[in-house]
Amino acid sequence: YIMRCDPLVLISVNIYDLNGRLLYEKLILSSDTKLHLTDLDKLAKGPYLLKIKNYKDGIVHTKKLLKY
């Protein structure tokens, strides 16, 4: 997943299963204008909810994520 963001902004990334259980949590200091999530190998194939919070402006993005 790639999301445009300002450089040097604290971003929280959470991934939930469809039952609402938190499966992945990470705080990232963005280093450029794209957020790359590449360490999702431990997640099984299937649907998830991806929640990304930008701490600079408080905006929260929630997206569907399908791992296949």
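The numbered points below comment on the fold, the strand pairing, selected residues and the surface of this structure.

1. Basis of the note. This is a predicted model, in which local features need pLDDT of at least 70 and side-chain atom pairs count only at pLDDT 80 or more, whereas totals for chains, interfaces and linings use all residues. Residues are numbered from 1 along each chain as its sequence is written, and side-chain values use heavy atoms, with hydrogens and water left out.

2. Overall architecture. The chain has six strands and zero helices, where strands (E, at least two residues) and helices (H or I, at least four residues) are DSSP runs numbered from the N terminus. Along the sequence the pattern therefore reads β-β-β-β-β-β. Of the 68 residues in the chain, 32% are buried, a term that stands for under 20% relative accessible area, with exposed meaning over 50% and partly exposed in between (1.4 Å probe, protein chains only). Among contacts (heavy atoms within 4.5 Å) between residues at least 6 apart in sequence, 50% join residues at least 24 apart.

3. Strand β2 and its partners. Strand β2 spans residues 10-16 and is mostly covered, five of its seven residues being buried. Strands β2 and β3 (residues 22-29) run antiparallel and are joined by seven bridges, two strands being counted as paired if DSSP finds at least two bridges between them. Within this pairing, Val13 has Lys26 in β3 as its bridge partner. The two strands form a hairpin with five residues between them, and Gly20 in the turn has a positive phi of about 90 degrees. Strand β2 also pairs with β5 in the antiparallel sense, over six bridges, and there the bridge partner of Asn14 is Lys51.

4. Leu43. This residue lies in the loop between β4 (34-36) and β5 (46-54), and it counts as buried because its relative accessibility is 11%. Not counting residues up to four places away in sequence, Leu43 touches Ile15, Leu23, Tyr48 and Lys67. Leu43 and Lys67 are 24 residues apart along the chain, and their C-alpha atoms are separated by 7.8 Å.

5. Asn54. Asn54, which is found in strand β5, counts as buried at 10% relative accessibility. A polar atom of its side chain lies 3.5 Å from the backbone nitrogen of Asp57. With residues up to four places away in sequence left aside, Asn54 touches Val9, Leu10, Ile11 and Ile59.

6. Salt bridges. The structure holds two salt bridges, each defined as a side-chain nitrogen of Lys or Arg within 4 Å of a carboxyl oxygen of Asp or Glu. In one, Arg21 pairs with Asp17, with the closest N and O atoms 2.7 Å apart; Asp17 is buried, at a relative accessible area of 10%. In the other, Lys26 pairs with Asp39, and the closest N and O atoms are 3.1 Å apart. This pair links distant parts of the chain, Lys26 being in strand β3 and Asp39 in the loop between β4 and β5, 13 residues apart. Lys26 is partly exposed, with a relative accessible area of 33%, and Asp39 counts as partly exposed at 37%.

7. Surface. The chain exposes about 4900 Å², of which carbon and sulfur atoms supply 55%, as computed by the Shrake-Rupley method with a 1.4 Å probe.

How values were computed
Polar contact = N/O pair within 3.5 Å; in protein donor to acceptor, adjacent residues only side chain to side chain.
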